[in-house]
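Let's take a walk through this structure together, starting from the fold and ending at some charged side chains.

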Amino acid sequence: MAAQMTDGHRRFLQVLMSHGIMEGSVARTLHKDCCEIHKVYYAHDKLDDFISVVNLHLQPLFMQIRKGMSEDDGRTYYALVNLAETEITKMASDYTENELELFRKTMDLIILSESGFASSTNILNLADQLKTKKMKKKEAEQVLQNLVQDKWLSESQICETCGIGMHLPCAGKYFKAQTEPHCPHCNEFWPHEIPEINRPDSQLSSSASTERRGPSASGTRRR
């Protein structure tokens, strides 16, 4: 028997919809407030179970609340996402149809790569392979910049000597105590700006998370 969706669940969903994306600590506070206002059972460590009830009732609408970690600051975020692609849902995007096709092809490059990244050069080469409408390299470069700016894609820090990549939260924690940061793999000087990790929402590894020649599955590498 499916768990019942209460007014507390509905309020949580409505607030999340109005925000679009919500940081983990804010979501936990909202969870507590919704349960108290509507007198729903509350447990501080049961947010994911609470959201699972909402997701169960969102299935017929092809929507889901998903959780992910930001590579910029290591925090957990929640967002309501659409699972179906229709002509109507395409209209809800700020990007044109051929820009969305470029993004999808970019994600294919990243996912299918062994290193977990796609260089901007390889992405730009996709510009004349689009089925919807061909795109000039200059136009594709601007789209790529917009995707990074809007945080659909991220640029990760790459060692210029040995080519390993580090997630930004991991780099921030690993280099925090080092006055002169050095690559954990080849020990060469790390030339990139060290990101500040103020209060990560989730626990980071005590050692650097590295990958040969690339960052995470959502990153891009500039050339």
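Two strands count as paired if DSSP finds at least two bridges between them. Keep in mind that this is a predicted model. With that rule in hand, look for an open sheet of 3 strands, ordered β1-β3-β2 with antiparallel pairing. At its edges sit β1 (21-23) and β2 (63-69), each of which pairs on one side only. On average, neighbouring strands of this sheet are turned by 20 degrees against each other, direction ignored.

What joins β2 to β3? Between β2 and β3 (residues 76-82) there are 7 bridges, and the two strands run antiparallel. To find your place in β3, look for Val81, which stands opposite Gln64.

Now bring in the helices. Helix α1 (residues 7-19) lies across β1, β2 and β3, and runs at about 90 degrees to β3. Helix α3 (residues 47-58) also packs on the sheet, where it touches β2 and β3, and its direction makes about 145 degrees with that of β2.

Among contacts with a separation of 6 or more, 63% are between residues 24 or more positions apart. The accessible surface comes to about 13700 Å², with 51% belonging to carbon and sulfur atoms.

Next come the charged pairs: the structure holds 5 salt bridges. One of them joins the side chains of Asp7 and Arg10, at 2.9 Å from N to O. Both residues lie in helix α1, 3 residues apart, about one turn of the helix. Asp7 is partly exposed, at 45% relative accessible area, and Arg10 is partly exposed too, at 39%.

Helix α2 (residues 24-37) holds a pair of its own, Lys32 and Glu36, 4 residues apart and again about one turn of the helix. Their side chains meet in a salt bridge of 2.7 Å, N to O. Lys32 counts as partly exposed at 34% relative accessibility, and Glu36 is partly exposed at 45%.

Finally, look at Glu23 and Arg75, whose closest N and O atoms are 3.9 Å apart in a salt bridge. This pair links distant parts of the chain, since Glu23 is in strand β1 and Arg75 in the loop between β2 and β3, 52 residues apart. Are these two residues buried or exposed? Buried means under 20% relative accessible area, so Glu23 counts as buried at 12%, and so does Arg75 at 17%.

Conventions:
Residues are numbered from 1 along each chain as its sequence is written. This is a predicted model: local features need pLDDT of at least 70, side-chain atom pairs count only at pLDDT 80 or more; totals for chains, interfaces and linings use all residues. Side-chain values use heavy atoms; hydrogens and water are left out. Contact means heavy atoms within 4.5 Å. Accessible areas come from the Shrake-Rupley method with a 1.4 Å probe; for residues, only the protein chains shown count as cover. Axes are lines fitted to C-alpha atoms, for helices over the stretch in contact, and angles run from 0 to 180 degrees between N-to-C directions. A salt bridge is a side-chain nitrogen of Lys or Arg within 4 Å of a carboxyl oxygen of Asp or Glu. Buried means under 20% relative accessible area, exposed over 50%, partly exposed in between (1.4 Å probe, protein chains only).
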